[in-house]
Amino acid sequence: MKIRVLGSGAGGGFPQWNCNCDNCRRLRHNDINAKARTQSSIAVSTDDTNWLLINASPDIRTQLETFPAIQPKQGIRDTGIKAIMLMDSQIDHTTGLLILREGEPLDIYCSEMVRQDLTTGFPLFNMLADYCTVNHHPIPVDGSGFEIAGIDDLRFYTHALKSKAPPYSPHRHDPHDGDNVGVIIEQISTGKKVYYSPGLGAFEPHVMRAMEAADCLLVDGTFWTDDEMICQKAGIKRAQDMGHLAQSGPGGMLETLNTIDNTRKILIHINNTNPILDEDSEQRQILDQAGIEVAYDGLEIEL
Ligand code: MLT
Ligand code: MN
Ligand code: ZN
């Protein structure tokens with residue numbers, strides 16, 4: 001299978017339009033060894049032609065324009081996007097659906113909780129009913145497997161994560177299974193597995209099992225420290241308040257990644273305040289030494 005990282009940044013992207021943090025300011029002034037990043041989305045395919053889009057970022061136009069394999073090939077209107085899966089109903093993962101309104105009906109695979117958010121607090125599905133229309137396909141939150149029409153040779157296993165529903169959701173402070181999911185993507189013919197979870201707040205046993213069984217991990221790289229936004233005066237929320245597990249420190253992402261062997265480890269959904277964006281930073285050296293990669297826009301992973 002091939003995974004294309006369309007957008008490797010967290011909400012806001014890098015640089016963020018109104019942000020003057022060290023990373024954003026230095027990127028604008030060409031004073032940092034770092035790559036700009038669009039907001040969070042990946043695509044997966046086994047034939048380079050039919051793609052499952054996972055999350056629909058507000059930056060989707062740019063992401064598609066820089067990725068020929070997913071562009072129109074025949075007829076007056078066409079796309080390589082055969083279906084869409086949503087990991088949650090966050091703005092950075094769903095707003096791109098509006099950009100896809102000119103097309104055929106959208107086959108959207110998401111949890112019941114996400115469907116509820118997208119028909120009430122942020123009623124994208126209702127709005128799109130008067131444009132392309134949406135076919136909603138419910139997905140499991142207990143780790144059971146399913147296939148997606150038009151996406152050959154892949155099987156998906158989705159499970160609930162401890163993370164956070166968006167600020168607008170009635171579930172922000174009242175968590176329900178399926179507000180956020182992680183997905184194991186398995187190629188049926190080879191048995192190879194990728195585990196993707198851009199919003200991972202805690203290592204529950206089913207998450208550990210998924211991580212240990214995967215050939216490649218694409219996991220939450222949002223923040224280096226829990227109080228990163230607060231320390232940089234860029235916000236008042238801790239990583240945990242936003243459903244993200246910080247990388248450093250006891251119980252952090254690195255500590256757990258270091259216990260897993262024989263797996264390619266990639267951090268994704270990187271917030272613009274995160275020091276790992278600076279490729280010359282000491283935090284980036286720590287990742288390099290641990291064999292942990294940092295996703296960038298356009299990265300392609302073949303398994
Ligand atoms: C998050 O994952 O917490 C989001 O990136 C926040 C947002 O979209 O503003
Ligand atoms: Mn996000
Ligand atoms: Zn910033």
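Here is a chat about the metals, the ligand and a few residues of a predicted model.

Trainee: What should I know before I start looking?

Mentor: Residues are numbered from 1 along each chain as its sequence is written, and chains are lettered from A and ligands numbered from 1 in the order in which they are written. The model is predicted, and local features need pLDDT of at least 70, side-chain atom pairs count only at pLDDT 80 or more, totals for chains, interfaces and linings use all residues, and side-chain values use heavy atoms, with hydrogens and water left out.

Trainee: OK, which residues coordinate the zinc ion (ligand 3)?

Mentor: Cys19 (SG), Cys21 (SG), Cys24 (SG) and Asn272 (OD1) do, at 2.3 Å. Donors here are N, O and S atoms within 2.8 Å of the metal (3.2 Å for Na, K and Ca), and water is not among the atoms, so sites may look incomplete.

Trainee: And how are those donor residues spaced in sequence?

Mentor: The pattern is C-x1-C-x2-C-x247-N. Cys19 sits in the loop between strand 1 (2-7) and helix 1 (22-28), and Asn272 in the loop between strand 12 (264-268) and helix 9 (282-290), so the pair ties together parts that are 253 residues apart in sequence. Helices (H or I, at least four residues) and strands (E, at least two) are DSSP runs, numbered from the N terminus.

Trainee: Are Cys19 and Asn272 buried or exposed?

Mentor: Cys19 and Asn272 are both buried. Buried means under 20% relative accessible area, exposed over 50%, and partly exposed in between (1.4 Å probe, protein chains only).

Trainee: What surrounds ligand 1?

Mentor: Gly11, Gln90, Asp92, Met242, His244 and His269. To count, a residue needs a heavy atom within 4 Å of the molecule.

Trainee: Which polar atoms come up close to the oxygens there?

Mentor: A polar side-chain atom of His244 is 2.9 Å from an oxygen atom of ligand 1, and one of His269 is 3.2 Å from an oxygen atom of the ligand. Gly11 has a polar backbone atom 3.0 Å from an oxygen atom of ligand 1.

Trainee: Where is His159?

Mentor: His159 is in strand 8 (residues 154-160), and counts as buried at 5% relative accessibility. From C-alpha to C-alpha, Val207 and His159 are 8.3 Å apart in space, and 48 residues apart in sequence. Val207 belongs to helix 6 (residues 205-213) and counts as buried at 0% relative accessibility.

Trainee: What about Arg61, buried or exposed?

Mentor: Arg61 is exposed, at 57% relative accessibility, and its place is in helix 2 (residues 60-65).

Trainee: Which peptide bond is cis?

Mentor: The one from Phe14 to Pro15, with omega near 0°. Pro15 is in the loop between strand 1 and helix 1. Most peptide bonds are trans, and most residues other than glycine have a negative phi.

Trainee: So what is phi of Asp48 and of Asn55?

Mentor: Phi of Asp48 is near 70°, and phi of Asn55 is near 75°. Asp48 lies in the loop between strand 2 (41-45) and strand 3 (51-54) and is partly exposed at 36% relative accessibility. Asn55 lies in the loop between strand 3 and helix 2 and counts as buried at 0%.

Conventions: Polar contact = N/O pair within 3.5 Å; in protein donor to acceptor, adjacent residues only side chain to side chain.
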